[in-house]
Amino acid sequence: MKSSKMRAPATPLRPMLPPKTPKSRQNSKENLVQKDPVQVFCRIRPLQSESDLSCIRVVSSSTVALIPPESAINYKISNNKETQYVFKHIFDVDSSQQEVFCTVAQPLVEGLIKGRNGLLFSYGVTGSGKTYTMTGNKNYRGIMPRCLDVLFKTISDYQAKKFVFKPDRLNGFDILTEADAMLHRQTEINSRLMKLERKDTDIEIASTASSDVTILSGIDEDNSYAVFITYVEIYNNNCYDLLEPSNNRNQPLQTKIVREDNNHNMFVHGVTEVEVKSVEEALNVFHTGQKRKRMGHTILNAESSRSHSVFTIRLVQAPVDINGEYVVQDRDKITVSQLSLVDLAGSERTNRTKNTGQRLREAGNINNSLMTLRSCLEILRENLLNGGNKKVPYRDTKLTHLFKNYFDGEGQVKMVVCVNPRSDDYDESAHVMKFAEITQEVQIARQTPIKPTFDNGLTPGRRRANQLFRQAMQVLEENGQEDAQNLEIDLGLIYKLPSFSDFQLRNDNMNDIMKELMICLEDRIRCRKRLVEDFDVRQKEVRQLIYNLESENIRLKTENAAVTATLNQDRERMKVLETKIMRYETTIDTLNRRIRDKDEHISQMETDLNEKQHQINRKEQEKERQRRKFDNKMAEEHDKKQRELENKLGEQKRKMESHMRTQEEKLRLVTDIINDNEFKAGPVSNLIHQFNAHSEGNAPQSERKARTKTIAMTNPRHRRSKSVGNEGWLEHRAPSIAHPGTVLQPYYNRTKTVTSPEMKDITNNRTSRYCLITQEADTDGELETKLYKGDVIPTKTGGAQVVFDDIECLTQQSPTASPNTSRKRKSENERKTPSKKSHTEIGARCSTGIEGHYSKKQRV
Ligand SMILES: Nc1ncnc2c1ncn2[C@@H]1O[C@H](COP(=O)(O)OP(=O)(O)OP(=O)(O)O)[C@@H](O)[C@H]1O
């Protein structure tokens, strides 16, 4: 008999802080004290035809004997002796599906409801009745639909609304709020309407649900429950999600991986978990999976019996809130339990099936996984017997990896061995039996407690109490108590209604409690009425107060608006100013940056300038050094040249002196000659001849003869005195002579200029020198002035003769005439030639005399 305290409905302000308890799984291993063996059941299917021979004999409800037929391999070895095998229970050919379910699966469902995990295998060769046992058919529903029947029947009143629990895709669940869940429900309805989904229930299985479904114990009335279905196929050691949503049905299924969640439970990662609310819905999902399986096998060219099917029922439960209506929004309080129903592939050996190619590979994989399952169980058994800690090769195949947790003590494991009694299957059946026998020696730790008891601070039985409370209120309302519905309306902190007296909820005193509750409620209604009246009065006062406050508030708001407007204006101004400041700051920054750049530039320039100045100084120094060197060199050169010039000058001087000495000597000689021969008779021509002979020496004989002939006879004794002051010049010039305008003019002392000289001009005593001036143009048209000079010497006859001793030649060149090198040269040559010529002419002229007499005769 279950009893619970009924309490008043909580007010929203009532604190509800349930202390958190650690998760069950954390303590689960510490709590494992008891161990249960793997329960193995044996089911013998009926013979297909009456002609078939049976090799199995049921000895008792737990013992079965295998009798080898003659065709068996070990017929001779076993000496026709039967082998007996003991199992938990033997289901013979007459055993019904219900019987099998009740014995094998119902305890697992009970465990499931209590939060315990369960695993049920069906093992056997092909055609031995595994699928028949697990799924069944239209008339004979198997374990799976029956499990669903019982489960939904048991939790029917406690099911949570759809989508309150949502799979988190990592083997856990989240709790959605009622609003979110409703949104999901709406979306689902819409999508169904869109798709116009056809109800595709597996007719064979779902048509006849058992009417005599038992309601199992162990349900927690203060919990809400939800059922989720997953359907996975393991084929060729690959995991496929048969419920995977797909738009294209011909698209092959994606392989999935087996992973471990945060609580070290194994699960198929990303598997589709479908929430179902009824058996029909669950079978519908199963049917969808079956179709996907068939489709997949058609695509892969496989056979259904070659794969392992894992149909898992996951039961999610969580406590309801204090009002017993909604699930408490705390995912730590969720309990998830699951029951996996595994229809294994046929366990026959390859040599029997004569498979090749793909079939052989399939068979290999099947055997592999079954062998691994077998080795895992054997090692577990060995560890158990020897206390060893040998590593169990769960990870070798997907099948064993997925169910690792069960063998490690996280759930109950059961196996139904299906055998075909046909003698043809003897060898295979013997294998199956042996394996099954070993399996049941494996002990699995019992999971206790099955479900953690949360100390969540909530009253047990609150859901039922709430229901009773509602019922009582409904009765009161029917009895004319209008305020009954308002009882729930909380009066807040102002008033407190009298507390409920404690009611003990028991199944046998429900009517008494109901009566007491109604009396209590009537009192509460009266009390509430009083309080409500008082409340109304106070409410009016408060309203007035509020009104006043509101008026004041409006006034303040107006003031506030004005102040706010001013403030906003100020803020705007501030903003503008701030913007300006920012702009200026930016400008200042920019300018500072520029100044820095310029400073850097200036310092760089200064550095360059210094460098350049330094270079210039260096160059100046170098230049100064070069200049000094050059000056020194120049001075040296100058000294050298000066010395050379002095030497040359000295030499020239010496030459000139020597020449002068020679000339003086000559002159002296001439003077001596003249002096010696002044009074001696002798023609002057001889003296001149002597002079010429002396001076020219080598003159040609003919020239000398000619000259001798042309010179007039003179008497040197009569040469007029040339002493200073006594020299008188007779300048004889043609009337057409142009003044040459030369700077250097011949200097004549006591000069008499005549154009046509008379005798007396020559013969007078004052005239001692004679100068004849002629002018003519040369070949280039240049003016050439010649001055023929000579001594006037009186002749014996009283006349006078002129002895020419000098010719002066003045040649002028026009500055406007174009310079002509050849002409110049010519002129120079000419100048040179006349000089030479003049020299000869001097001689000639010197030897030429103009003899004049005082007589009127003139001879030139
Ligand atoms: N106990 C039984 N009572 C009546 N019919 C049975 C029984 N067991 C099996 N059968 C029938 O035998 C046939 C083969 O059975 P089933 O398909 O379940 O074998 P299986 O072991 O699942 O084969 P596979 O390994 O190919 O899947 C089915 O038609 C089924 O109805």
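Which residues does Tyr394 touch, not counting residues up to four places away in sequence? They are Cys376, Thr400, His401 and Lys404. This briefing covers a predicted model. The protein has 860 residues, and 31% of them count as buried. Its secondary structure comprises 18 helices and 27 strands. Take contacts between residues at least 6 apart in sequence: 74% of these join residues at least 24 apart.

**Around Tyr394**

- Tyr394 sits in a loop. Helix H9 (357–386) and helix H10 (398–402) lie on either side of that loop in the chain.
- Is Tyr394 buried or exposed? Tyr394 has 23 other C-beta atoms within 10 Å, so it is buried. The cut-off for buried is 20 or more.
- Leu373 is 21 residues away from Tyr394 along the chain. Even so, 7.8 Å separates the C-alpha atoms of Tyr394 and Leu373.

**The recorded binding site**

- An unreviewed UniProt entry lists a "binding site".
- Where is Val125 found? Val125 is in the loop between strand S8 (118–124) and helix H3 (130–134).
- Gly129 also has its place in the loop between S8 and H3.
- Val125 counts as buried because it has 24 C-beta neighbours inside 10 Å.
- Gly129 is buried too, because 21 other C-beta atoms lie within 10 Å.
- Which residues is Gly129 in contact with, leaving aside neighbours within four places in sequence? The partners are Arg43, Arg45 and Cys418.

**Helix H2 against helix H4**

- Two packed helices are described by the angle between their axes and the distance between the axes.
- Helix H2 covers residues 97–113, and helix H4 covers residues 143–155. Their axes come within 10 Å. The axes cross at roughly 45°.
- H2 and H4 are therefore oblique to each other. The crossing of H2 past H4 is right-handed.
- On the H2 side, the contact is made by Val100, Phe101, Val104, Ala105, Gln106, Val109, Leu112 and Ile113. On the H4 side, the contact residues are Ile143, Arg146, Cys147, Val150, Leu151 and Thr154.
- How many residues of the contact of H2 with H4 are nonpolar, polar and charged? There are 11 nonpolar, 2 polar and 1 charged.

- Most residues other than glycine have a negative phi.
- Phe163 is not a glycine, yet its phi is positive, at about 70°.
- Phe163 lies in the loop between H4 and strand S9 (165–167).
- Is Phe163 buried or partly exposed? Phe163 has 19 other C-beta atoms within 10 Å, so it is partly exposed. Buried would take 20 or more.
- Asn236 is not a glycine either, and its phi is positive at about 50°.
- Asn236 is in the loop between strand S11 (223–235) and strand S12 (238–241).
- Asn236 is partly exposed, because it has 19 other C-beta atoms within 10 Å.

Methods: Residues are numbered from 1 along each chain as its sequence is written. This is a predicted model: local features need pLDDT of at least 70, side-chain atom pairs count only at pLDDT 80 or more; totals for chains, interfaces and linings use all residues. Helices (H or I, at least four residues) and strands (E, at least two) are DSSP runs, numbered from the N terminus. A residue is buried if 20 or more other C-beta atoms lie within 10 Å of its own, exposed if 12 or fewer, and partly exposed in between; C-beta atoms are placed from the backbone. Two residues are in contact if their C-beta atoms, placed from the backbone, lie within 7 Å. UniProt positions are given in the numbering used here, feature names are shortened, and annotations may be inferred rather than shown by experiment. Axes are lines fitted to C-alpha atoms, for helices over the stretch in contact, and angles run from 0 to 180 degrees between N-to-C directions. Angles under 35 degrees count as roughly parallel, over 145 as roughly antiparallel, 65 to 115 as roughly perpendicular and the rest as oblique. A crossing is left-handed if the near helix is turned anticlockwise from the far one by less than a right angle, and right-handed if clockwise. Ala, Val, Leu, Ile, Met, Phe, Trp, Tyr, Cys and Pro count as nonpolar, Asp, Glu, Lys and Arg as charged, and the others, Gly among them, as polar.
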